[in-house]
Amino acid sequence: MTENETGTGSEPAAPAPGPAAKRPLVISAALLAVALLAAVVTGVSWAIAANGGTAAFAAERDDALQAGTQGIINFNTLDHRDVQGGLDRWEASSTGPLHEDVVRGRQQYVDTITQAKTVTSAEVLSAGLTELNERAGKARMIAVVKVVVTPEGQPPTEKRSRYQAELTRENDQWKLSVLGPVAVG
């Protein structure tokens with residue numbers, strides 16, 4: 001009889017782990033590998049988005065929309081007591097054919113606005129880019145604008161208009177190159 005059979009001596013040695021005992025370890029290792037891979041993919045994607053084309057495109061889109069919105073406000077806000085200042089804003093907000101029209105018709109605008117004795121102030125209620133070609137430096141937008149017209153000595157009236165505009169990037173600034181009303185109907 002051996003020591004184990006008589007109950008004297010040490011306990012029997014534990015059996016070697018079988019395939020069922022190794023399974024949780026393999027599953028844990030696989031889950032760890034998947035989690036690490038997901039973390040790496042997420043980190044790389046975030047870095048590309050933060051430093052790559054997506055962030056730059058979004059910034060360019062925001063710049064174009066802001067400049068277009070401000071340009072539309074400038075073109076719809078005038079005070080007959082400071083026509084020159086208003087027309088200076090028109091010129092600063094425009095480029096291309098629109099700019100040429102402002103420069104060419106400046107004296108006519110001064111005469112018309114001074115004679116009308118009105119003050120207009122604009123607010124863009126809603127606006128969005130409909131197209132952006134970052135490489136060509138071109139964009140298109142639409143906007144809904146509320147304009148309050150106050151003739152001298154009279155109560156103000158409000159009108160709403162829809163505009164479409166084209167923008168052109170000039171150096172690092174977006175400017176209106178075309179501005180016109182959108183027909184409703």
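The sections below go from the overall make-up to local contacts.

## Basis

This is a predicted model, in which local features need pLDDT of at least 70 and side-chain atom pairs count only at pLDDT 80 or more, whereas totals for chains, interfaces and linings use all residues. Residues are numbered from 1 along each chain as its sequence is written, and side-chain values use heavy atoms, with hydrogens and water left out.

## Overall make-up

The protein has six helices and five strands, where helices (H or I, at least four residues) and strands (E, at least two) are DSSP runs numbered from the N terminus. Their order along the sequence is α-α-α-β-α-α-α-β-β-β-β.

Of the 185 residues, 26% count as buried; buried means under 20% relative accessible area, exposed over 50%, and partly exposed in between, with a 1.4 Å probe and protein chains only. Among contacts with a separation of 6 or more, 52% join residues 24 or more positions apart. Contact means heavy atoms within 4.5 Å.

## Helices α4 and α5

Helix α4 (residues 83-93) and helix α5 (residues 96-104) have axes that come within 8 Å and cross at roughly 155°. That makes α4 roughly antiparallel to α5. Axes are lines fitted to C-alpha atoms, for helices over the stretch in contact, and angles run from 0 to 180 degrees between N-to-C directions. Angles under 35 degrees count as roughly parallel, over 145 as roughly antiparallel, 65 to 115 as roughly perpendicular and the rest as oblique.

On the α4 side, L87, W90 and E91 meet H99, V102 and V103 of α5. By class, this contact of α4 with α5 has four nonpolar residues, one polar and one charged. Ala, Val, Leu, Ile, Met, Phe, Trp, Tyr, Cys and Pro count as nonpolar, Asp, Glu, Lys and Arg as charged, and the others, Gly among them, as polar.

## T120 in strand β2

T120 is part of strand β2 (residues 118-133) and is buried, at a relative accessible area of 15%. Its side chain reaches the backbone oxygen of N76 at 3.1 Å. Leaving aside residues up to four places away in sequence, T120 touches N76, T77, L78, V147, V148 and V149.

## T69 in helix α3

T69 belongs to helix α3 (residues 53-75) and counts as buried at 19% relative accessibility. With residues up to four places away in sequence not counted, T69 touches V124, A127 and M141. The C-alpha atoms of T69 and I142 are separated by 9.2 Å, and the two residues are 73 residues apart along the chain.

Definitions and conventions
Polar contact = N/O pair within 3.5 Å; in protein donor to acceptor, adjacent residues only side chain to side chain.
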